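Good morning, colleagues, and thank you for coming. Please take a moment to look at the sequence and the model, and then I shall go through a few of the features.

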Amino acid sequence: MRNLRAAVGFLTRVPLPLPAGDPPALRSTVPWFPVVGALIGAAVGGVTVGLGHLVPTFVAAAAAVMFGVTMTGAFHEDGLADVSDAFAGGWNRDERLRILDDPLHGSYGVAAMCGSIIIRVACVASLGWTPAAAFASIVAAHVLGRSAAVAVMAVVPNASAEGLGAEATRSLDPRRAWIGATGGVAIAAIAAGWWIGPFVAAAVVGAAAVVWLAKRKIGGINGDVLGTIEQVVECLVLVTASGLATHTSLWW
């Protein structure tokens, strides 16, 4: 439970104090990231469904997505913005790594963040007329976004030796990482039923595309790339869900 609480504290702005003593190492908290994703997804899904009974679906979707952004402190959105600025604006590897370290965001980064939010709001709004599908899809999207990032950490090398992403990847036990990622897929499957097949396919495509681009641009991954993987996978899963919901029903 200490590792889970530490993972919640790392990925969110929820004030959850740890027990006395040294905080758990990052390598111990990373496998719990998909579970934290499930908790975040359940909170966002709950806001979506709850507000959907009071206001129009688009308004509920916008409020719910922004609630999730606030809950995480735009943690993953910041990574997406940094990667967009670096990969689109950097002329060589050193320049891209310098831009990744810059806390300021440029036009590419702002556009990427806005695009991510717009896609998620539109998808959640399209699911608003079926509360069960909306809740399950949001949970699955958040879980698979974190699961994909954890799985990538187990198999892809770091672009540099510095940063939280490098620290976590160096010390992470690949077996524990795969257990965490597999557990995340199981949670998503419980929520979404057979929709998990298309969801996982979308997650694999999204994560693979980001990894391929990161290897070309900077030679590996870092914390910002992992945040980008989460964002891309979350968006693709929700896009897939919006398509499935128009033709089929959720299992429960």
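This is a predicted model: local features need pLDDT of at least 70, side-chain atom pairs count only at pLDDT 80 or more; totals for chains, interfaces and linings use all residues.

Let me begin with a definition. On a 1 Å grid over the protein atoms alone, a pocket is an open set of points with protein on both sides within 12 Å along at least five of seven lines, while a cavity is a set of points where a 1.4 Å probe fits but cannot get out; lining residues have an atom within 4 Å of a point. Grid points are joined across faces, edges and corners, and a volume is the space filled by probe spheres set on the points.

Residues are numbered from 1 along each chain as its sequence is written, and side-chain values use heavy atoms, with hydrogens and water left out.

I turn to the second largest pocket. The space in the second largest pocket amounts to about 300 Å³. It is lined by 15 residues, of which S147, A148, A151, W178 and V204 are the closest to its centre. Which helices each supply at least two residues of this lining? They are helix 8, helix 10 (174-192) and helix 11 (196-218); helices here are DSSP runs of H or I with at least four residues, numbered from the N terminus. Helix 11 gives the largest share of the lining, six residues. By class, the lining has 13 nonpolar residues, two polar and no charged. In this scheme Ala, Val, Leu, Ile, Met, Phe, Trp, Tyr, Cys and Pro count as nonpolar, Asp, Glu, Lys and Arg as charged, and the others, Gly among them, as polar.

One of the residues closest to the centre of that pocket is A148, which is placed in helix 8. Is A148 buried or exposed? A148 counts as buried because its relative accessibility is 12%, where buried means under 20% relative accessible area, exposed over 50% and partly exposed in between, with a 1.4 Å probe and protein chains only. Leaving aside neighbours within four places in sequence, A148 is in contact with A207, I229 and V233, contact meaning heavy atoms within 4.5 Å. A148 and V8 are 140 residues apart along the chain, and their C-alpha atoms are separated by 17 Å.

The structure holds one cavity of 30 Å³ or more. The largest cavity has a volume of about 110 Å³. Among the 16 residues that line it, V65, G68, R120, H142 and E234 are the closest to its centre. Helix 4 (57-72), helix 5 (75-89), helix 7 (107-127), helix 8 (131-155) and helix 12 (223-245) each supply at least two lining residues. This lining is made up of six nonpolar, five polar and five charged residues.

The buried residues of helix 7 include R120, V121, C123 and V124. Its buried residues pack against helix 3 (33-52), helix 4, helix 5, helix 8 and helix 12. In helix 12 we find T228, which is buried because its relative accessible area is 5%. Not counting residues up to four places away in sequence, T228 touches G79, L80, V83 and V210.

Between helix 4 and helix 5 there is a loop that holds A74. Phi of A74 is near 55 degrees, a positive value in a residue other than glycine. A74 is partly exposed, with a relative accessible area of 24%.

Finally, the aromatic rings. Rings of Phe, Tyr and Trp (its six-membered ring) pair if their centres lie within 6.5 Å; planes under 30 degrees apart count as stacked, over 60 as edge-to-face and the rest as tilted. The count by this rule is three aromatic pairs. F10 and F33 form a stacked pair, 5.7 Å centre to centre with 10 degrees between the planes. This pair links distant parts of the chain, F10 in helix 1 (residues 2-11) and F33 in helix 3, 23 residues apart. F10 and F75 form an edge-to-face pair, 5.6 Å centre to centre with 85 degrees between the planes. F10, F33 and F75 form one aromatic cluster.
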